[in-house]
Every structure is written in structure tokens, then in C-alpha cells.
Amino acid sequence: MRYLKGTKEYKLEYNKTITPEICGYTDADWGGDPVTRKSTTEYVFTMAGGSVSWNVKRQASVAFSSCEAEFVALSRTIREALWWKQLLKEIDTQHMIQIFCDNQSAICLAQNEGNSPKTKHVAIRYCFVKDTLDNGDVELQYIPSDQQPDDGFTKVLPRQTKDL
């Protein structure tokens, strides 16, 4: 009840003056579940300044590194981006969908050729992500963690102070 009272002023706002392009933000908390040590994938897609799609889901297997956890999240986010891209195509408007990720290792793995024995266990996801980037279906960008809008799905939000 306290949560509902404290968040009743929160809302989604859409602004027609902001570019109507869709962009996605992807993140993961590596080993965040204290019992299973499975990571959580989260993404949010925004359009015209407001969220249009979001998801939080525990990953099916334990990730051996933060890079792997973020890469699994990136793969899921790209699947959602492709769905949005197809929808936009059907309504006769096409945009490059940018995806922002705060893990430079995952971005490097996605954008660079080659695979190593240390990343062999993510080979299928690697091929999917790499093919999607190579086809130009989405664009991957780095975003600093402190600017990551989907952190609220897995991290405690900072307490807001009221101006007196």
C-alpha cells in the first residue's frame, strides 16, 4: 500500500516534439538471484519520450561472466527490436533501431569477428546477434551505466527528496 501511495504521481508521458524513433536499452544483473545465481535480463524500448515496451525475466541458465549475462540480455533485446522493426515496416515507416548497452565487453563481442574458446558457450546467440548487426537491422551503441534507464528493473531506485 505504501508503494502505491508513493508512486501514484508516476506516469508514462509521450511528447510529440521528441523524435518518434524507437530505441532500446538493454541490461542484466550478473548472478543477481541470491539462491540460483541466475542473472536477470531487462530491456525497455522508448518512443516519443515514453516507454512502449519493457520486459524483465530471469535467464534460463547461469552466466559465467557479466559479459555473458549482458550478451544473453542483448540477444533477447534484439529479438524484441526485430519485432518492432517488422511492425514499423507493416505501417509503412522504417527506422534504424538503436540499442544501448552499458557493457563494453558484450558490445565488443557482438561487433567483432571471431570467437574464442572462452566464448564458445554463447556461439548460437553470437551468430544471431552478429548476423542482425551485419544485416543492418539494428544499431548497437554504448551507454554509461549511470544513464541506463532500465536499471530501475533490477536496482533500488534512489530516494527522491522533497523540496521544502
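User: Buried means under 20% relative accessible area. In this predicted model, is Trp 84 buried or exposed?
Analyst: The cut-off for buried is under 20%. Trp 84 has 11% relative accessibility, so Trp 84 counts as buried.

User: How many aromatic pairs does a search of the whole structure find?
Analyst: Tyr 25 and Phe 100 form one of the aromatic pairs. The search of the whole structure gives a total of 3.

User: What is the geometry of the pair formed by Tyr 25 and Phe 100, stacked or edge-to-face?
Analyst: The ring centres of Tyr 25 and Phe 100 are 5.2 Å apart. Planes under 30 degrees apart count as stacked. Here the angle between the planes is 20 degrees, and the pair is stacked.

User: Which parts does the pair of Tyr 25 and Phe 100 tie together?
Analyst: Tyr 25 counts as buried at 14% relative accessibility. Phe 100 counts as buried at 16%. The pair ties together parts 75 residues apart in sequence, because Tyr 25 lies in strand S1 and Phe 100 in strand S4.

User: Why is the pair of Trp 83 and Trp 84 edge-to-face?
Analyst: Planes over 60 degrees apart count as edge-to-face. The ring centres of Trp 83 and Trp 84 are 5.1 Å apart, and their planes stand at 90 degrees.

User: Which residue forms a salt bridge with Arg 58?
Analyst: The structure holds 1 salt bridge. It links Arg 58 in strand S3 to a residue in the loop between S1 and strand S2, 25 residues apart. The closest N and O atoms are 2.9 Å apart, and the partner is Asp 33.

Note on methods
Residues are numbered from 1 along each chain as its sequence is written. This is a predicted model: local features need pLDDT of at least 70, side-chain atom pairs count only at pLDDT 80 or more; totals for chains, interfaces and linings use all residues. Side-chain values use heavy atoms; hydrogens and water are left out. Rings of Phe, Tyr and Trp (its six-membered ring) pair if their centres lie within 6.5 Å; planes under 30 degrees apart count as stacked, over 60 as edge-to-face and the rest as tilted. Helices (H or I, at least four residues) and strands (E, at least two) are DSSP runs, numbered from the N terminus. Buried means under 20% relative accessible area, exposed over 50%, partly exposed in between (1.4 Å probe, protein chains only). A salt bridge is a side-chain nitrogen of Lys or Arg within 4 Å of a carboxyl oxygen of Asp or Glu.
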